[in-house]
Amino acid sequence: MSRHFASPSEPWFRLGSLEVSTVVLVCLLGVASGIAWVVMPDLPDLLFFHPWLVGAGEVWRVVTWPFANTIWVLITALILWYFGSELERILGRTRMLWLLLGTWASLTVASTLVTLLPGLTGSSLAGLDLLQFAVLLLWIAEYPNRPFFFGIPAWVFGTIIVAVQALSMVAGRAFGSLLSLVFSLVFVAMMARRFGLLSAYEWIPGRPGTRPAAPPRTRPVPRSEVRREQQRMTDREQLDALLDQINDHGIQSLTDAQRRELMRLRDRLRKG
């Protein structure tokens with residue numbers, strides 16, 4: 001395993017019995033922001049991102065937009081946890097953290113670039129939905145043939161949801177949002193490939209990265225083998241005791257029963 005990355009199964013810390021990995025931490029922060037919305041309904045308006053607002057001096061929106069959530073973030077967090085956790089088991093907690101940070105940066109840069117093009121306006125960014133959407137697509141790209149809802153292959157479901165998103169933007173004449181979506185998908189795919197995902201897609205630009213080595217799987221020891229090993233340990237202890245007696249007092253000190261036990265232990269240990 002690369003020394004730069006933690007074991008995929010190792011959490012950052014624990015809250016009671018809950019192991020807080022990168023994905024779990026992001027989900028918890030998202031849920032906390034959704035609960036805060038219940039108390040402060042105007043909070044998402046203060047946190048969402050749009051390039052024009054950042055240009056007007058509200059620079060905090062670059063960082064805060066993933067937490068512009070409502071209580072519906074509970075569903076988003078559940079989906080992000082389900083699919084993101086499997087990617088984190090592949091990458092490890094540190095690479096998963098950088099993957100999510102890179103996804104956030106890719107979405108932000110894509111929206112900003114579109115705003116700079118003449119005649120187009122960049123899309124607003126708000127909430128964990130966009131990060132969850134990117135993670136879901138990465139999972140689908142990594143496991144395209146996994147059965148999804150009603151046994152439909154994952155790649156079919158992924159194609160449908162991307163097509164629905166694109167067509168809805170075309171219908172609304174939101175061409176800036178459509179171009180921002182395209183840029184985002186390209187940026188996220190290149191970054192994910194660099195971190196070790198999407199290695200099967202050679203047409204994606206960029207050099208593929210290597211994944212951390214998975215911890216070796218240990219074969220479960222059958223109970224019968226455990227019992228045999230325990231018996232061998234007991235036999236060795238008994239044999240050692242008899243040999244100590246012989247060493248201290250001579251073989252003539254053994255009773256007939258002890259002599260028979262010595263021969264029995266010797267034969268059993270040879271067979272074991």
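How many of the 272 residues of the chain count as buried, in percent? The figure is 37%. Buried means under 20% relative accessible area, exposed means over 50%, and partly exposed lies in between (1.4 Å probe, protein chains only).

1. **Basis.** This is a predicted model, where local features need pLDDT of at least 70, side-chain atom pairs count only at pLDDT 80 or more, and totals for chains, interfaces and linings use all residues. Residues are numbered from 1 along each chain as its sequence is written, and side-chain values use heavy atoms, with hydrogens and water left out.

2. **Layout.** The chain has 11 helices and two strands. Helices (H or I, at least four residues) and strands (E, at least two) are DSSP runs, numbered from the N terminus. From the N terminus on, the order is β-β-α-α-α-α-α-α-α-α-α-α-α.

3. **Core.** The largest nonpolar core holds 41 residues. Such a core is a set of buried Ala, Val, Leu, Ile, Met, Phe, Trp, Tyr and Cys residues joined through side-chain atoms within 4.5 Å. Leu 87, Leu 99, Trp 139 and Leu 197 have the most contacts inside this core. Elements giving two or more residues to this core include helix H5 (73–91), helix H6 (93–116) and helix H7 (129–142). H7 gives the largest share, eight residues.

4. **Salt bridges.** Side chains of opposite charge can pair when their charged atoms come close. A salt bridge is a side-chain nitrogen of Lys or Arg within 4 Å of a carboxyl oxygen of Asp or Glu. The whole structure has three.

5. **Arg 14 and Glu 19.** Their side chains meet in a salt bridge (3.0 Å, N to O). Arg 14 is exposed, at 51% relative accessibility. Glu 19 is partly exposed, at 39%.

6. **Glu 58 and Arg 61.** In this salt bridge the closest N and O atoms are 2.5 Å apart. Arg 61 is buried, at 5%, while Glu 58 is partly exposed, at 23%.

7. **Glu 86 and Arg 146.** Here the closest N and O atoms of the salt bridge are 2.7 Å apart. The pair links distant parts of the chain, 60 residues apart: Glu 86 is in helix H5, and Arg 146 is in the loop between H7 and H8. Glu 86 is buried, at 16%. Arg 146 is partly exposed, at 31%.

8. **Negative patch.** Glu 237, Asp 240, Asp 244 and Asp 248 form a negative surface patch. Patch residues have over 30% relative accessible area and no salt bridge, and like charges are joined within 9 Å. Asp 248 lies in helix H10 (residues 223–249). Asp 248 is exposed, at 56%.

Note on methods. Patches are made of residues with over 30% relative accessible area and no salt bridge: like charges are joined within 9 Å, nonpolar side chains (Val, Leu, Ile, Met, Phe, Trp, Tyr) within 5 Å. Accessible areas come from the Shrake-Rupley method with a 1.4 Å probe; for residues, only the protein chains shown count as cover. Lys and Arg count as positive and Asp and Glu as negative; His and the chain ends are not counted. The place of a charge is taken as NZ of Lys, CZ of Arg, CG of Asp or CD of Glu.
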